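Biologist: I'm new to this one, so please walk me through it slowly. I'll keep asking how you know what you tell me.

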Amino acid sequence: MVRNRVIYIILAVVCIAFSMLYTSKVTAILMVIVLLYPAVAAALTAIHLRFLSAEFDEKRITAEKNTPFEYYINIKNDSVFPCAPMEMVCVLPDVDSGMFIEKRVYVSLSPFGQARLSVEGKHLYRGCYPCSINSLAAVDPLRIIRISKKTKDECTMVFQPRRINLEDLVSASVGEQSFSRPNPITAEKEDFSHVREYRVGDIMQMIHWKLTAKQDDLMIKQFDSINDRRAIVLCDMSGEGDPLLRADTVIETAIAFVQEAMDIGIHSVVDFGMLFDRAAVQVTNITEFERFFQLMSVIPAMADTCGLTTLIDEADRSSAAVMVLITASLSPDIIVRARALSEVCAVYLAYVNLSSRPVDNELYDDEFMFLDIRGEGEEALKLAAAMASKYDD
């Protein structure tokens, strides 16, 4: 546009000089047209801009984190003038950087035309983020006049955490260590107290197939309140390093444990110790697991928490068959508590090791299962950290 304005100024100077050297009606009219064009173009462009609109096709979009996806923007031109082109200033997730940045999007439309613009995006982190169309701009046919107006159409984008299988996570956690591969959570499915009829959301693995075949109705193995197995998952997102990476890894580790427990019929109780909401999340069936997964997509990465030691002290261990301790800040106090818990139930201590430094081999013992979470998705985490530091600079 700057080049077009320079050319126009040169043309105006030439027309004025030409009209001064050759005084005639033609040269006078030509000079008037050249000099009046900016005012006329500005007025028509301003009118044209009132008939332009742009909005997101959906107001809420769900996508997997660190995975390219497509979303759409609807654009309309309700005037008799063509868009050559229309400019939109937006805050959108960039597919190359994986971060939200301000972008300028250009679209050309015919008179009374409309279009559905496909945009590709990607985001490296889990969470809920707003994206917006902040302004629209129109230009005249010669592209020397540009007029913009503020607009505010917003869309909420929810990026879900990865669904990592516990078996893959445990295998990756061993990494460079020479220790044998730990076993995931196990349970004897035949140790039940009674059966009941199937209800929507029940785990299919808990169906009593022999009794189902006899009665022609799905029957579910049921544990009573005394023998019922529970996995208590305590999560601590405090620690050093990038808080977004730390929160993502803790949450994805918790999801892996809850998924494994649900698959084998163990109910889960998950507590992040957030001071603004200390309510623990219970997962007893597929419906509750999906609700839990959606909650994990938007749980804040940075919040005040009571700490893992407090969570351990306040946890109800009476029905716990498994205690899962997930932390990004390993301390001797946590080790002592994990060893004490191992005397009454199975204990998993999952250390989110974003530093990638090897831990003390003495932690790999028979008292509790120690997991050094650093292998699964490590390349993606490093890429996210590199991108974050790059765009922060």
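Modeller: Let's start with Arg 146, which has a relative accessible area of 35%. Keep in mind that this is a predicted model.

Biologist: Is Glu 87 buried or exposed?

Modeller: Buried: its relative accessible area is 8%, and the limit is under 20%.

Biologist: How many salt bridges does that rule give?

Modeller: The count comes to 13. Another one joins Asp 248 and Arg 126, at 2.9 Å from N to O. Asp 248 is in helix H5 (residues 243-263), while Arg 126 sits in the loop between E6 and strand E7 (127-139), so this pair links parts 122 residues apart in sequence.

Biologist: How do you know whether Asp 248 and Arg 126 are buried or exposed?

Modeller: Same test. Asp 248 has a relative accessible area of 1% and Arg 126 has 2%. Buried means under 20%, so Asp 248 is buried, and so is Arg 126.

Biologist: What separates Asp 333 and Arg 337 in helix H8?

Modeller: About one helical turn, because they are four residues apart in H8 (residues 332-341). Asp 333 is partly exposed, at 35% relative accessible area.

Biologist: On to the strands. What makes E3 and E6 a pair?

Modeller: Pairing takes at least two bridges between two strands. Strand E3 (residues 69-77) and E6 have eight, in the antiparallel sense, so they pass. Ile 75, for instance, stands opposite Ala 115 in E6.

Biologist: Why are E1 and E6 said to stand at the edges?

Modeller: The three strands form an open sheet in the order E1-E3-E6, with antiparallel pairing. Strand E1 (52-56) and E6 each have a single partner strand, so one side of each has no neighbour in the sheet. Neighbouring strands there are turned by 25° against each other on average, direction ignored.

Biologist: Why is Phe 112 called exposed?

Modeller: Exposed means over 50%, and Phe 112 has a relative accessible area of 58%, so it qualifies. Phe 112 is in the loop between strand E5 (100-109) and strand E6 (114-121).

Biologist: Which residues make the nonpolar surface patch?

Modeller: Val 32, Leu 36, Val 40, Leu 44, Ile 47, Phe 51, Val 80, Phe 81 and Phe 112 make it, with about 810 Å² between them.

Biologist: And how many helices and strands does the chain have?

Modeller: Nine helices and 16 strands. Buried residues make up 45% of the 393 residues.

Methods: Residues are numbered from 1 along each chain as its sequence is written. This is a predicted model: local features need pLDDT of at least 70, side-chain atom pairs count only at pLDDT 80 or more; totals for chains, interfaces and linings use all residues. Side-chain values use heavy atoms; hydrogens and water are left out. Helices (H or I, at least four residues) and strands (E, at least two) are DSSP runs, numbered from the N terminus. Buried means under 20% relative accessible area, exposed over 50%, partly exposed in between (1.4 Å probe, protein chains only). Patches are made of residues with over 30% relative accessible area and no salt bridge: like charges are joined within 9 Å, nonpolar side chains (Val, Leu, Ile, Met, Phe, Trp, Tyr) within 5 Å. Accessible areas come from the Shrake-Rupley method with a 1.4 Å probe; for residues, only the protein chains shown count as cover. A salt bridge is a side-chain nitrogen of Lys or Arg within 4 Å of a carboxyl oxygen of Asp or Glu. Axes are lines fitted to C-alpha atoms, for helices over the stretch in contact, and angles run from 0 to 180 degrees between N-to-C directions.
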